[in-house]
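The sequence and the coordinates are shown first.

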Amino acid sequence: MKVVALVPARAGSKRVPNKNIKPLLGKPLISYAIEAALNCKLVSEVYVNSDSQLYLNIGSQYGAKSYLRPPHLATDKSSIKEVVVDFLQFLS
């Protein structure tokens with residue numbers, strides 16, 4: 001069985017802009033989720049799903065594959081369920 005990890009990272013945070021790429025101990029916050037997934041023996045592939053090409057580029061630097069989230073799933077009202085369903089359609 002193939003297990004794929006999804007790291008969702010929307011760029012449009014209002015309270016803490018760009019929180020997913022803010023440095024924490026010298027690395028972008030998102031890198032910790034990517035590295036944890038890559039180090040999991042059960043995970044075959046790790047994807048960053050974002051509406052930001054910058055986030056995707058940072059994810060690639062840490063070993064993740066990229067999936068550019070459609071604009072209609074990058075709003076405050078988008079649910080994680082919608083994001084996951086869209087991602088599963090992309091994978092198939």
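## Surroundings of S78

Leaving aside residues up to four places away in sequence, S78 touches H72 and L73. The model is a predicted one, and in it S78 occupies the loop between β5 and α3, the helix of residues 80–91. Both of these neighbours also take part in a polar approach through their backbones. A polar atom of the S78 side chain lies 3.3 Å from the backbone oxygen of H72, and the side chain of S78 reaches the backbone oxygen of L73 at 3.4 Å.

## The largest pocket

S78 also belongs to the lining of the largest pocket, where it is listed with P8, A9, R10 and R69 as lying nearest the centre. The lining comprises 14 residues, and the volume of the pocket is about 170 Å³. Sorted by class, the lining residues are five nonpolar, five polar and four charged.

## L56 in helix α2

L56 is part of helix α2, the element that covers residues 53–61. What is the relative accessible area of L56, and is the residue buried or exposed? The value is 2%, and L56 is therefore classed as buried, since the limit for that class is under 20%.

The contacts of L56, not counting residues up to four places away in sequence, are with V48, S50, S66, Y67 and L68. Strand β4 spans residues 45–50, and strand β5 spans residues 65–68.

## E45 in strand β4

E45 is located in strand β4. Its relative accessible area is 15%, so E45 counts as buried. The side chain of E45 is joined to that of K2 by a polar contact of 3.0 Å.

K2 is also among the residues that E45 touches when those up to four places away in sequence are not counted; the others are V3, V4, A5 and K65. Strand β1 covers residues 4–8, and strand β5 covers residues 65–68.

## Loop residues with positive phi

Most residues other than glycine have a negative phi. Which value does phi take in N18? It is near 55 degrees, a positive value in a residue that is not glycine. N18 is placed in the loop between β1 and β2, the latter being the strand of residues 23–24. With a relative accessibility of 35%, N18 is partly exposed.

L25 likewise has a positive phi, of about 55 degrees, although it is not a glycine. This residue is found in the loop between β2 and β3, the strand of residues 27–28. At 79% relative accessibility, L25 counts as exposed, the limit for that class being over 50%.

R15 and Q61 are 46 residues apart along the chain, with 26 Å between their C-alpha atoms.

G63 is in the loop between α2 and β5. At a relative accessible area of 45%, G63 is partly exposed. From C-alpha to C-alpha, G63 and S50 are 15 Å apart in space, with a sequence separation of 13 residues.

## The chain as a whole

The chain contains three helices and five strands. Read from the N terminus, the order of the elements is β-β-β-α-β-α-β-α. The radius of gyration is 13 Å, close to the 12 Å given by the globule rule for 92 residues, so the chain is as compact as a globular protein of that length. The C-alpha trace spans about 40 × 35 × 15 Å along its principal axes.

Of the 92 residues in the chain, 35% are buried; L56 and E45 belong to that class. Among contacts between residues at least 6 apart in sequence, 53% join residues at least 24 apart.

Technical notes:
Residues are numbered from 1 along each chain as its sequence is written. This is a predicted model: local features need pLDDT of at least 70, side-chain atom pairs count only at pLDDT 80 or more; totals for chains, interfaces and linings use all residues. Side-chain values use heavy atoms; hydrogens and water are left out. Helices (H or I, at least four residues) and strands (E, at least two) are DSSP runs, numbered from the N terminus. Buried means under 20% relative accessible area, exposed over 50%, partly exposed in between (1.4 Å probe, protein chains only). A polar contact is a pair of N or O atoms within 3.5 Å; within protein, one must be able to donate a hydrogen and the other to accept it, and residues adjacent in sequence count only if both atoms are side-chain atoms. Contact means heavy atoms within 4.5 Å. On a 1 Å grid over the protein atoms alone, a cavity is a set of points where a 1.4 Å probe fits but cannot get out, and a pocket is an open set with protein on both sides within 12 Å along at least five of seven lines; lining residues have an atom within 4 Å of a point. Grid points are joined across faces, edges and corners, and a volume is the space filled by probe spheres set on the points. Ala, Val, Leu, Ile, Met, Phe, Trp, Tyr, Cys and Pro count as nonpolar, Asp, Glu, Lys and Arg as charged, and the others, Gly among them, as polar. The radius of gyration is taken over C-alpha atoms; the globule rule is 2.2 Å times the number of residues to the power 0.38.
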